[in-house]
Amino acid sequence: MNILITGGTGLIGRPLIHSLLSNGHRVTVLSRNIKKISASPALQVLEWDGRTVTGRGFQLHKIDAVINLAGENIGSFPWSVKRKRTFRESRLNVGNVLVEAVRNAESRPRVFIQASAVGYYGPHGDERVDESTAQGGDFSAKLCIDWEASTKPVESMGLRRIIIRTGVVLANDGGVLPLMALPVRLFVGGRLGGGGQGFPWIHIDDEVNAIQYLLENEYSQGVYNLSAPNPVSNADFTQTLARVLHRPYWLHAPQFAIKLVLGEMSTLLLDGQYMLPKRLVEGGFRFKYELVESALWDLYSDK
């Protein structure tokens, strides 16, 4: 396949590109910073502002599939009015432009993968969440709802559209895991708030494999939760991380202190979901890492 990717320099994009190339696909990456990726015979890197339909990158009649991962990191602190607007614009602008590019293409792509996140469901306490669960109503949920909706028009153009609602991606070269591991390494690891909030995790290898599985399986369409089949609580995750890193687990970060420091952004740490990949499992996808301990041992075995 000839595959176009936006957001290719991010945590998921980098290993995904490597995997796609290893499996014989050709990849075109649209990026605001082309210096982050080195081009090769099967990898074309094009500079793009994320706002306009210009340049060679939008000759979609030569593209078989689009994977839209673009979006400003929601973990950026603080959640000011300006930053929240950036979260929205970085997602919706790209989605709108890609829709226009598909509409104008002489020969349209066959499949479109749209990134989203577990935040779509909002906080859910102890309830298990799958793809049939209703949308939430907080800022993160509304952001995901609009993010998904930005590329919905491609469905009426005949494309097979897949929405991937991803949990917390575990990788040791970026994302949230190194940040969570830091206090544990410094002997001050412990639960955040009550500790019972759900922590829907997925190993980076399974994230990449799942995306490629959905891309290549012509029967895959609609919403898929991308998270391991065994979600854990925040307390269980941190305790397991401490055990893998051979550190104590004892410090409790109280809820009021986290809210005082982070404000509205504290929902990312204090609220959660026990998300299940129901459709992915029913479709026959096999996870390499089903248990959080095995995932963490893999990521830290040589560290």
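Modeller: We may; please note that this is a predicted model.

Biologist: Which strand pairs with β5 over 4 bridges, and in which sense?

Modeller: That is strand β4, residues 65-68, which pairs with β5 in the parallel sense. Within this pairing, Asn68 has Gln114 of β5 as its bridge partner. Between β4 and β5 the chain passes through helix α2, residues 81-104, and this β-α-β crossover is right-handed.

Biologist: Which strand pairs with β5 over 7 bridges?

Modeller: Strand β7, residues 160-166, does so, again in the parallel sense. Here Ser116 has Arg165 of β7 as its bridge partner.

Biologist: How should I read a pair of packed helices?

Modeller: Two packed helices are described by the angle between their axes and the distance between the axes. Consider helix α1, residues 13-22, and helix α5, residues 204-216: their axes come within 10 Å and cross at roughly 55°. That angle makes α1 oblique to α5. The crossing of α1 past α5 is right-handed.

Biologist: Which residues make the contact between α1 and α5?

Modeller: From α1 the contact involves Pro15, Leu16, Ser19 and Leu20. From α5 it involves Ile204, Val208, Ile211, Gln212 and Leu215.

Note on methods:
Residues are numbered from 1 along each chain as its sequence is written. This is a predicted model: local features need pLDDT of at least 70, side-chain atom pairs count only at pLDDT 80 or more; totals for chains, interfaces and linings use all residues. Side-chain values use heavy atoms; hydrogens and water are left out. Two strands pair if DSSP finds at least two bridges between them. Helices (H or I, at least four residues) and strands (E, at least two) are DSSP runs, numbered from the N terminus. A crossover is right-handed if, with the strands pointing away from the viewer, the path from the first strand over the helix to the second runs clockwise. Axes are lines fitted to C-alpha atoms, for helices over the stretch in contact, and angles run from 0 to 180 degrees between N-to-C directions. Angles under 35 degrees count as roughly parallel, over 145 as roughly antiparallel, 65 to 115 as roughly perpendicular and the rest as oblique. A crossing is left-handed if the near helix is turned anticlockwise from the far one by less than a right angle, and right-handed if clockwise. Contact means heavy atoms within 4.5 Å.
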